[in-house]
Amino acid sequence: MGLDIGIEWLTLIMFGSLLVLLMAGLPLAFVTGGLACVFLFILGDERALNIVPSRIFPLMTNYQLSAIPLFIFMASMLERAGIINEMFDVIYKVLGGVKGGLAAATIIASTVLAAMVGVIGAAVVTMGIIALPAMLKRNYDPKIAMGSIMAGGTLGILIPPSILAIIYAVVAEQSVGELFIGAVVPGLLLSGMYIAYVIIVCTIDPSKGPPIPVEERISFKEKVRLMSNMSAPIALIAIVLGVIFTGVATPVEAAGIGTFGAIIVAAIHRNLDWQTLREASITTLKASAMVIWIMFGATIFVGLYVLEGGQQFVQGALEATGLGPWGILIIMQVVLVVLGMFLDWVGILLLCVPIFVPIIKALGAASFGLDNPDDLVLWFGVLYLVNMQMSFLSPPFGYALFYLRGVAPPEIPMTDIFKSALPFLALQIVGLVLCMMFPDIVTWLPRLVYG
């Protein structure tokens, strides 16, 4: 029989060694999986290793998860086909005459982009390559320019089809479609707040975001012609989200439609060749494999922790703070944002959600002023997505900051990139508080759709 270690020490040893190995720069998937196997062997016996296949197999056969490679393929296909560049170009020309119009155009383009691309890095890097030089050339304040790119880029976590939302729904055993619909209003709310902020700041001080000169603006007729160029990709988004929202198709079927549609859109834009297909497929393979391996590793790690009584320990520790349900919810969110500084988003989800969701359920819907226990998991899911979005923007280790660093001009110091994220981080906190105070922001649309 294995060793008998108290849960307090086990928590310290398991998560401590996890942190040490991650800081040594080892990949999350193999650190969590490897540590889990080591601890299984120390704590149990050879029979305990049976947890490994029993945790991994349900993931391998989970139907919902097959939406992930499909959505990633759809995104990389549209990206390779040059749709994203064109889209920014169109929105940029249509809004160019407004003060702060380019920054607003960046956020709108990112919002539409988020509806095509469920992955963060892609949006920030793409907009950083296209929109940043365009804004700097027009004498925009670099902080406004960079902030709007990072804030817009992180919307991909919230606005469906988000890959994070799919994994959350699978782990929390919730309907993917419902979570998608619940995230729409908060996503658009944040997007609207970013746009309002940028336009207000540039109206007060036009030097921060000057409108483009009159001679470069285009006529209304031109604008209509440009908009019609974008009809194919926008129709694609409308169809994919439409079939999910109307309940005609499951998210997985919708992803299949989207993938097929993306190939057709690429063909319409005359960018369909073997090279494009091959590159898109390789990108998809790499990204999906990474996500699935992290899921394998982390799910064994957490499975073992819960089995050893970790769940009760965390719940007891949170209740012992004497902070009541709201206090516990806030502590959880602080933990999520702090972890977001160090870990990958898939990792955070798999380490925290299986422990947090049962605790939230145990606190009960009534203690948060909700009528329905199903609404509770949905509401917490959207709060979780907003938290992840914040962790991408929060200095010093937010992913979005480093994605942008990779494509920003070298003369812009890292401190400026940090500073440019702060106002948008503040807006995210406001958005989060609104979603907490008024759960209807999250639950209204799903209630409308599902009745």
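Leaving aside its neighbours within four places in sequence, which residues is Thr299 in contact with? Contact here means heavy atoms within 4.5 Å, and by that rule the partners of Thr299 are Arg55 and Leu59. Thr299 is found in helix H14, residues 274-307. Helices are DSSP runs of H or I with at least four residues, numbered from the N terminus. At 9% relative accessibility, Thr299 counts as buried. The scale works like this: buried means under 20% relative accessible area, exposed means over 50%, and partly exposed lies in between, with a 1.4 Å probe and protein chains only.

Before going further, please note that this is a predicted model, in which local features need pLDDT of at least 70, side-chain atom pairs count only at pLDDT 80 or more, and totals for chains, interfaces and linings use all residues. Residues are numbered from 1 along each chain as its sequence is written, and side-chain values use heavy atoms, with hydrogens and water left out.

## The core

Let us start with the nonpolar side chains. In soluble globular proteins, nonpolar side chains tend to be buried together. A nonpolar core is a set of buried Ala, Val, Leu, Ile, Met, Phe, Trp, Tyr and Cys residues joined through side-chain atoms within 4.5 Å. The largest one here has 165 residues, and Ile167, Tyr168, Trp379 and Tyr384 touch the most other members. Helix H18 (residues 373-393) gives this core its largest share, 14 residues. Beyond its neighbours within four places in sequence, Tyr168 has contacts that include Leu349, Val353, Phe380 and Tyr384.

## Empty spaces

Rolling a probe the size of a water molecule over the atoms shows where empty space is left. On a 1 Å grid over the protein atoms alone, a cavity is a set of points where a 1.4 Å probe fits but cannot get out, while a pocket is an open set with protein on both sides within 12 Å along at least five of seven lines; lining residues have an atom within 4 Å of a point. Grid points are joined across faces, edges and corners, and a volume is the space filled by probe spheres set on the points.

| Space | Volume | Largest share of lining |
|---|---|---|
| Largest pocket | about 550 Å³ | H16, 5 residues |
| Largest cavity | about 30 Å³ | H18, 3 residues |

The largest pocket is lined by 21 residues, and Phe15, Val335, Leu339, Cys352 and Phe356 lie nearest its centre. Its lining divides into 19 nonpolar, 2 polar and no charged residues. For the largest cavity, the lining has 6 nonpolar, 2 polar and 1 charged residues; among them are Asp344, Trp345 and Tyr399. In these counts, Ala, Val, Leu, Ile, Met, Phe, Trp, Tyr, Cys and Pro are nonpolar, Asp, Glu, Lys and Arg are charged, and the others, Gly among them, are polar.

## Cysteines

How many disulfides does the structure hold? There are 0, where a disulfide is a pair of cysteine sulfur atoms within 2.5 Å. The closest cysteine sulfur to that of Cys352 is in Cys435, 19 Å away, so it is too far for a bond. Cys352 is buried, at 5% relative accessibility, and Cys37 is partly exposed, at 29%.

## Two loop residues

Most residues other than glycine have a negative phi. Asn139, in the loop between helix H7 (120-137) and helix H8 (142-153), has a positive phi near 60°. Arg270, in the loop between helix H13 (251-268) and H14, also has a positive phi, about 55°. Asn139 is exposed at 59% relative accessibility, and Arg270 is exposed at 76%.
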